[in-house]
Amino acid sequence: MSAVKFDEGRLMSVLVAPIVSEKATMVAEKSNAVTFKVLQDATKPEIKAAVELMFKVEVKGVSVVNTKGKTKRFGKNIGRRDNVRKAYVTLQPGQELNLSGEAA
């Protein structure tokens, strides 16, 4: 594979937020993967490059899931949650990414 150059400003905005949930924690313990909410138009190579740039870790692979927003009612009004694109970033063995904010 050839090393593709990405715009560093774009890479800084690809990762929207880490997802901290019970499922994300189980995946992290089981397969050394971290879960992020990413931009709708983010590609797998962009996500990989963004994680490697921001956290200085080696990425083994990236899986992406598109989740459709649910329709919700607020009294008489009908609203809709936003669509979410999640990235499960698997790290190389021996690599670690701590998002809990605890001091080591």
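**Close-up views of a predicted model**

The structure holds two salt bridges, a salt bridge being a side-chain nitrogen of Lys or Arg within 4 Å of a carboxyl oxygen of Asp or Glu. This is a predicted model, in which local features need pLDDT of at least 70 and side-chain atom pairs count only at pLDDT 80 or more, while totals for chains, interfaces and linings use all residues. Residues are numbered from 1 along each chain as its sequence is written, and side-chain values use heavy atoms, with hydrogens and water left out.

**View 1. Salt bridges of Arg 10.**
Arg 10, Asp 41 and Glu 46 are linked in a network of salt bridges. Between Arg 10 and Asp 41, the closest N and O atoms are 3.4 Å apart. This pair links distant parts of the chain, with Arg 10 in helix α1 and Asp 41 in the loop between β2 and α3, 31 residues apart. Helices (H or I, at least four residues) and strands (E, at least two) are DSSP runs, numbered from the N terminus. Between Arg 10 and Glu 46, the closest N and O atoms are 3.0 Å apart. That pair also links distant parts of the chain: Arg 10 is in helix α1 and Glu 46 in helix α3, 36 residues apart. Relative accessible area is used to call a residue buried (under 20%), exposed (over 50%) or partly exposed (in between), with a 1.4 Å probe and protein chains only. Arg 10 is partly exposed at 23%, Asp 41 is exposed at 52%, and Glu 46 is buried at 10%.

**View 2. The four-stranded sheet.**
The open sheet has the strand order β1-β2-β6-β3, with antiparallel pairing. Its edge strands are β1 and β3, each of which pairs on one side only. Neighbouring strands of the sheet are turned by 30 degrees against each other on average, direction ignored. Two strands are taken to pair if DSSP finds at least two bridges between them. Three bridges join β1 to β2, six join β2 to β6, and eight join β3 to β6. Ala 17 has Lys 37 in β2 as its bridge partner, and Lys 37 stands opposite Lys 86 in β6. Thr 67 stands opposite Val 84 in β6.

**View 3. Helices on the sheet.**
Helix α2 (residues 22–31) packs on the sheet and touches β2 and β6. The direction of α2 makes about 140 degrees with that of β2. Helix α3 packs on the sheet as well, touching β1, β2, β3 and β6, and its direction makes about 125 degrees with that of β3. Axes are lines fitted to C-alpha atoms, for helices over the stretch in contact, and angles run from 0 to 180 degrees between N-to-C directions. Contact means heavy atoms within 4.5 Å.

**View 4. Helix α3.**
Helix α3 covers residues 44–55, and its end C-alpha atoms are 16 Å apart. This agrees with the 16 Å that its 12 residues should span at 1.5 Å a residue, because the expected span is 1.5 Å times one less than the number of residues. The buried residues of α3 are Glu 46, Ile 47, Ala 49, Ala 50 and Val 51. Their cover includes α1 (8–14), β1 (15–18), β2 (33–38), β3 (59–67) and β6 (84–91). After α3 comes Lys 56, whose phi is positive, near 55 degrees.

**View 5. Strand β2 around Thr 35.**
Five of the six residues of β2 are buried, so this strand is largely enclosed by the rest of the structure. Thr 35 is found in β2 and is buried, with 3% relative accessibility. Not counting residues up to four places away in sequence, Thr 35 touches Pro 18, Ile 19, Ala 24, Lys 86, Ala 87 and Tyr 88.

**View 6. The largest nonpolar core.**
The largest nonpolar core has 18 residues, and those with the most contacts inside it are Leu 15, Phe 36, Val 38, Ile 47, Val 51, Val 89 and Leu 91. The elements giving two or more residues to this core are α1, β2, α3, β3 and β6. The largest share, four residues, comes from α3. A nonpolar core is a set of buried Ala, Val, Leu, Ile, Met, Phe, Trp, Tyr and Cys residues joined through side-chain atoms within 4.5 Å. Neighbours within four places in sequence aside, Leu 91 is in contact with Asn 32, Val 34, Val 57, Glu 58, Val 59, Lys 60, Glu 96 and Leu 97.
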